[in-house]
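Colleague: I've got a model open and I'd like to learn how to read it. Can we go through it together?

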Amino acid sequence: MDHKVDRKKDREKAMIAVYQNLIMPRDVQELLDDNFTAEEQEGDPYIMQVVKQSIANMDRYRGYIDKVLDDWSFDRLGYVEQAILLNGCAEFDLKQIEAAVIINEYIELAKRFCEPDSYKLINGVLDRV
């Protein structure tokens, strides 16, 4: 049976995995196993790489994000916003998808999971990182 890749659903799960890691850091493979089936992990290795990249480069991405946040800091953001921004930075680093598509996908996640105006912050930061 072929696994149909559902990037919207997979990005949501990737955001949740990074969110969980922000709250309580753990082994990346354990996070992937908790959030994705084996079939999903094989079906979309790109999203697995996004999670791994987000966690492995968290300090570097925090630096980028802090530079573009005006009068604010990464640490003051909610964990969901942090996870969304970290995954966005990871996707930019992987250079496999157009920046406009990445930004739009994470704006949509922010609209679903964050405070009503948070998507504006997500858009502004990802647009300038």
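Colleague: Let's start with one side chain: is Q49 buried, partly exposed or exposed?

Modeller: Before that, keep in mind that this is a predicted model. For burial, look at the relative accessible area: under 20% is buried, over 50% is exposed, and partly exposed is in between. Q49 has 33% relative accessibility, so Q49 counts as partly exposed. You'll find Q49 in helix α4.

Colleague: And how far is Q49 from E91, in sequence and in space?

Modeller: Those two are 42 residues apart in sequence, and their C-alpha atoms are 8.9 Å apart in space.

Colleague: What about V50, buried or exposed?

Modeller: V50 has a relative accessible area of 0%, so V50 is buried. V50 also belongs to helix α4. Leaving out residues up to four places away in sequence, V50 touches N87, A90, E91, L94 and Y106. For a distance along the other direction, take E39: V50 and E39 are eleven residues apart along the chain, with 17 Å between their C-alpha atoms.

Colleague: Y106 turned up in that list. Which residues is Y106 in contact with?

Modeller: Setting aside neighbours within four places in sequence, Y106 contacts R11, V50, I84, N87, G88, E91, I122 and L126. Y106 matters for reading the core too: Y106 and I84 are the residues with the most contacts inside the largest nonpolar core, which has 40 residues.

Colleague: Which elements give two or more residues to that core?

Modeller: They are α1, α2 (28–35), α4 (45–56), α5 (58–68), α6, α7 (99–113) and α8 (118–128). The largest share comes from α6, with nine residues.

Colleague: Then let's pick something in α6. Is L86 buried or exposed?

Modeller: Buried, because L86 has a relative accessible area of 0%. L86 lies in helix α6, and beyond its neighbours within four places in sequence, L86 is in contact with V18, L22, S54, M58, Y61, I65 and F74.

Colleague: Now helix packing. At what angle do the axes of α1 and α6 cross?

Modeller: For a helix pair, read the angle, the distance and the handedness, then see who makes the contact. Helix α1 (residues 7–23) and helix α6 (residues 79–94) have axes that come within 8 Å and cross at roughly 120 degrees. As for handedness, α1 passes α6 in a right-handed crossing. On the α1 side, the contact is made by R11, A14, M15, V18, Y19, L22 and I23, and on the α6 side by Y79, V80, Q82, A83, I84, L86, N87 and E91. Sorted by class, this contact has eleven nonpolar, two polar and two charged residues.

Colleague: And how far apart are the axes of α1 and α7?

Modeller: They are 11 Å apart, and the two helices pack at an angle of about 65 degrees. This crossing is right-handed. The contact involves K8, R11, E12 and M15 of α1, with E105, Y106, L109, R112 and F113 of α7. The classes here are four nonpolar, no polar and five charged.

Colleague: One more from a loop: where does I97 lie?

Modeller: I97 is in the loop between α6 and α7. At 21% relative accessibility, I97 counts as partly exposed. Not counting residues up to four places away in sequence, I97 touches R7, R11, Y46, E91 and I102. As for V28, I97 and V28 are 69 residues apart in sequence and 23 Å apart in space, C-alpha to C-alpha.

Methods. Residues are numbered from 1 along each chain as its sequence is written. This is a predicted model: local features need pLDDT of at least 70, side-chain atom pairs count only at pLDDT 80 or more; totals for chains, interfaces and linings use all residues. Side-chain values use heavy atoms; hydrogens and water are left out. Axes are lines fitted to C-alpha atoms, for helices over the stretch in contact, and angles run from 0 to 180 degrees between N-to-C directions. Helices (H or I, at least four residues) and strands (E, at least two) are DSSP runs, numbered from the N terminus. A crossing is left-handed if the near helix is turned anticlockwise from the far one by less than a right angle, and right-handed if clockwise. Contact means heavy atoms within 4.5 Å. Ala, Val, Leu, Ile, Met, Phe, Trp, Tyr, Cys and Pro count as nonpolar, Asp, Glu, Lys and Arg as charged, and the others, Gly among them, as polar. A nonpolar core is a set of buried Ala, Val, Leu, Ile, Met, Phe, Trp, Tyr and Cys residues joined through side-chain atoms within 4.5 Å. Buried means under 20% relative accessible area, exposed over 50%, partly exposed in between (1.4 Å probe, protein chains only).
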